[in-house]
Amino acid sequence: MTDIETPYRELNLSTVADFAVPFLAERPIRAQEIGDGNLNRVFRVSSSSDSVVVKQALPYLKAAGESWPLTRHRARIECEALLQHGKLAPGLVASVLHFEDPLSVLVLEDLHEYQNWRDATIAGNDLSGVAALVGQYSAAVLVGTVGAHLTGPERAEMRSRFSYSALCLVTEELIFTAPFVNAESNRYDVEITDLVTALYKDRSLRMAAAELRFNFRTRNEALLHGDLHTGSVLARPNDIRIIDPEFAFFGPVGFDPGVLLGNLAMSRLAHQAADREHAASVIDTAARDYWQAFADEAARRWSATEPWFARFLARVLADAARFAGMEMIRRIVGLAHVRDIDSLPPTARFRAQESSLAGGRALVLGGRCPSFDDLWQRATQEETFA
Ligand SMILES: Nc1ncnc2c1ncn2[C@@H]1O[C@H](COP(=O)(O)OP(=O)(O)O)[C@@H](O)[C@H]1O
Ligand SMILES: [Mg+2]
């Protein structure tokens, strides 16, 4: 599959068409860029009868300028995670058509008939069955890779393939460190400066973040997606494909559900701040469906030789709550924001930002979260800082 003679070069709109020739039924007639190009370039190349998606890892993180080098090895991680997760959750993960290591390029089936779930949630579209399918995916891949369910050699092999990589250090920095110190990479609206200054001074929050970073580093429980926000789901009614697991690694099971629920909570808060009640209730249902499907599918897949499922699930929920809190804070003050909130007009935006920080804080510092209802209430109450 790989040609070690091929040196790395960045593909562009004119070269990507030639590159895609072997994967198309007829000659390419059109190439377009469909990604935002911060970390990777994502192209769609079409012939008159079919199309493919070509995703190339860039050797740096563009949002931070070319000064933040980022290993291209993540293209291999993404490819291997798509294959591994695809085996565990057949039909729920995007198919890889080809991988070219020297160019850090993946060729993927073109899912043009699907909608990005973040776009759907922002638009208030109720895509039936989608949240439950994402819950099934999470349970299939997380419970399917917990150590107790693999043989010793399988476990060792998988852990070495998905080791704690440079990408994990990026996640550590962006989620657990930068938002709590005055890091250069942080970005926030000047209007919420007082809230951010209070955050930097909050010692209990900074300690909790450091403890969660420690969990993230050390609890290598299962093969995570590593960046399971709503934009990593392509969806249509009763059908999903998961994309973009370039941050996959062995980590705490609660991390993926936490990131997903944190993103749904921010979507809820955005609708709430904009007085879009129906859209807000669509998100409430989605969050509940995700967790219920996760719990049901996890129970189904849990090994009978491990008679402590209820305690496992309670621990995943409590961890998910705290990781959701981290996500809701870093998306307001850190480098990467969510469009759900950033696209709001100013007054609604500041309200949603304040609520997200308050919800994040309640999740992280509010003690062990006992139930989904408690998690969701802490995350989405429109409480402001005293
Ligand atoms: N296989 C695919 N089919 C159709 N669209 C895709 C596919 N993969 C990615 N996309 C689109 O391109 C966007 C960027 O892809 P993504 O893998 O998330 O890149 P990045 O890691 O750079 O964020 C996605 O939000 C999605 O809309
Ligand atoms: Mg990505």
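Trainee: Is E246 buried or exposed?

Mentor: E246 is buried, with a relative accessible area of 2%, where buried means under 20% relative accessible area and exposed over 50%, with partly exposed in between (1.4 Å probe, protein chains only). This is a predicted model, in which local features need pLDDT of at least 70 and side-chain atom pairs count only at pLDDT 80 or more, while totals for chains, interfaces and linings use all residues. Residues are numbered from 1 along each chain as its sequence is written, chains are lettered from A and ligands numbered from 1 in the order in which they are written, and side-chain values use heavy atoms, with hydrogens and water left out.

Trainee: And what coordinates the magnesium ion (ligand 2)?

Mentor: D244 (OD), D244 (OD) and E246 (OE) coordinate the ion at 2.1 to 2.6 Å; donors are N, O and S atoms within 2.8 Å of the metal (3.2 Å for Na, K and Ca), and the site may look incomplete because water is not among the atoms. D244 counts as buried too, at 16% relative accessibility.

Trainee: Switching topic, which residues touch the most other members of the largest nonpolar core?

Mentor: Of its 96 residues, these are W117, V134, Y137, I240 and W291, a nonpolar core being a set of buried Ala, Val, Leu, Ile, Met, Phe, Trp, Tyr and Cys residues joined through side-chain atoms within 4.5 Å. Helix α11 (residues 309-333) gives the most to this core, with 13 residues; helices are DSSP runs (H or I, at least four residues), numbered from the N terminus.

Definitions and conventions:
Helices (H or I, at least four residues) and strands (E, at least two) are DSSP runs, numbered from the N terminus.
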